[in-house]
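Please keep the sequence and the 3D view open while reading.

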Amino acid sequence: SYNYAQAMAFAPETTQLGFLSNFDYKISEKLSLYATLRAQRNENLWNMAPNAGAFTIPAATLATRPDFNFSHGELFPTADAMVKYRASAWGNRTWDETNTIFGANVGLKGELAKDWEWNVSIGRAESEKDTNSPDGFFLKAPVEAAIASGAFNPFETNLADPQLNAIVVSTAYEPTVVNKTRMHTYDASLTGEVFELPGGKAGLAVGVSRFDQFYGLNID
């Protein structure tokens, strides 16, 4: 019964900044030094409809607060009321994401003999994704307690009402999540031609590769 599609963003608001640098230096006829440096920062702002959920208003509260009871006590006067809601008072849910990526690698490459080449390199890459939600989230328990005590009217539509606004401000919550990754890479290879065949030369490639990876997730 709630048109959530009308309130949500079709695509995020995005800002992106990137940098890439390639370096290649020839030390001698058979030896070269090369390196790559890259960095990128993305900022994305997502928007979705207000939080959805349900809560219960105790029968005792309904008896003392008729404005909490749409049936004015005529339907099930001694029963609790189950209410489904969209938390419009806290606004649309937002996710403010910042992605930062930094990577670099350096290597040497050269020739051993005719038709043989070698290559060694090391690299490091790091990324961090910070996500926080400045709007749309709240602590449910104190809100339910305020409703049960009659201090907070969940059906109040005047969002500028001081009493409602005080509850909204005091129960608002900003969840955060931080993802971090880090990778070290080590590579070495040797390629060349070994002998002649009727269809052409036969080649050989050998190599070794190693990587160490770290992953961290920090939730508030």
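Predicted model: local features only at pLDDT ≥ 70, side-chain atom pairs only at ≥ 80, totals over all residues.

Phe152 belongs to one aromatic cluster together with Phe55, Tyr85, Trp90 and Phe138. The structure holds 5 aromatic pairs. One of them is Trp90 with Phe138, a stacked pair with 4.3 Å from centre to centre and 25° between the planes. Trp90 sits in the loop between β4 (81-86) and β5 (93-113), and Phe138 in the loop between β6 (116-132) and α2 (140-149), so this pair ties together parts that are 48 residues apart in sequence.

Trp90 counts as buried because its relative accessibility is 10%, and Phe138 is buried with a relative accessible area of 16%. Trp90 also pairs with Phe152: the ring centres are 6.1 Å apart and the planes stand at 70°, so this pair is edge-to-face. What does the pair of Trp90 and Phe152 tie together? Trp90 is in the loop between β4 and β5, while Phe152 is in the loop between α2 and α3 (162-171), so the contact joins parts that are 62 residues apart in sequence.

## A charge over a ring

Another ring contact involves a charged side chain. Arg182 lies over the face of Phe214, at 4.7 Å from the ring centre.

In α2, the buried residues are Val143, Ala146 and Ile147. Seen down the helix axis, the buried residues of α2 fall within an arc of 100°, so they line one face of the helix. The face of α2 turned away from this buried side carries the exposed residues Ala141 and Ser149. An α-helix has 3.6 residues a turn, so residues three or four places apart point the same way.

Which residues of α3 are buried? They are Leu164, Ile167, Val168 and Thr171. Viewed down the axis of α3, these buried residues fall within an arc of 100°, so they too line one face of their helix. Pro162, Val169 and Ser170 are exposed on the other side of α3.

## Salt bridges

The structure holds 9 salt bridges. Among them is the one between the side chains of Glu126 and Arg124, at 2.2 Å from N to O. Glu126 counts as partly exposed because its relative accessibility is 33%, and Arg124 is also partly exposed, with a relative accessible area of 38%. Arg210 forms a salt bridge with Asp212, and the closest N and O atoms of the two are 3.1 Å apart. At 30% relative accessibility, Asp212 counts as partly exposed. Salt bridges that share partners join Asp115, Glu193 and Lys201 into one network.

The side chains of Glu128 and Lys180 meet in a salt bridge at 4.0 Å from N to O. This pair links distant parts of the chain, with Glu128 in strand β6 and Lys180 in strand β7, 52 residues apart. Glu128 is partly exposed at 28% relative accessibility. Lys180 is partly exposed as well, with a relative accessible area of 40%.

## A nonpolar patch on the surface

Which residues form the nonpolar patch on the surface? They are Val194, Phe195, Leu197, Leu204 and Val206, and together they have about 430 Å² of accessible area. The elements that give two or more residues to the patch are β7 (176-197) and β8 (200-219). The largest share, 3 residues, comes from β7.

Leu197, one of the patch residues, has its place in strand β7. Is Leu197 buried or partly exposed? Leu197 counts as partly exposed because its relative accessibility is 44%, and the range for that class runs between under 20% for buried and over 50% for exposed.

Terms used: Residues numbered from 1 in each chain as written. Heavy atoms only, no water. Patch = residues over 30% accessible without salt bridge, like charges linked within 9 Å, V, L, I, M, F, W, Y side chains within 5 Å. Areas by Shrake-Rupley, 256 points an atom, 1.4 Å probe, with all protein chains shown as cover. Helix = DSSP H or I, 4+ residues; strand = E, 2+ residues; numbered from the N terminus. Buried < 20%, exposed > 50% of the residue type's maximum accessible area, 1.4 Å probe, protein only. Phe/Tyr/Trp six-rings, centres within 6.5 Å; stacked < 30°, edge-to-face > 60°. Lys NZ or Arg CZ within 6 Å of the ring centre and 35° of its normal. Arc of directions from axis to C-beta.
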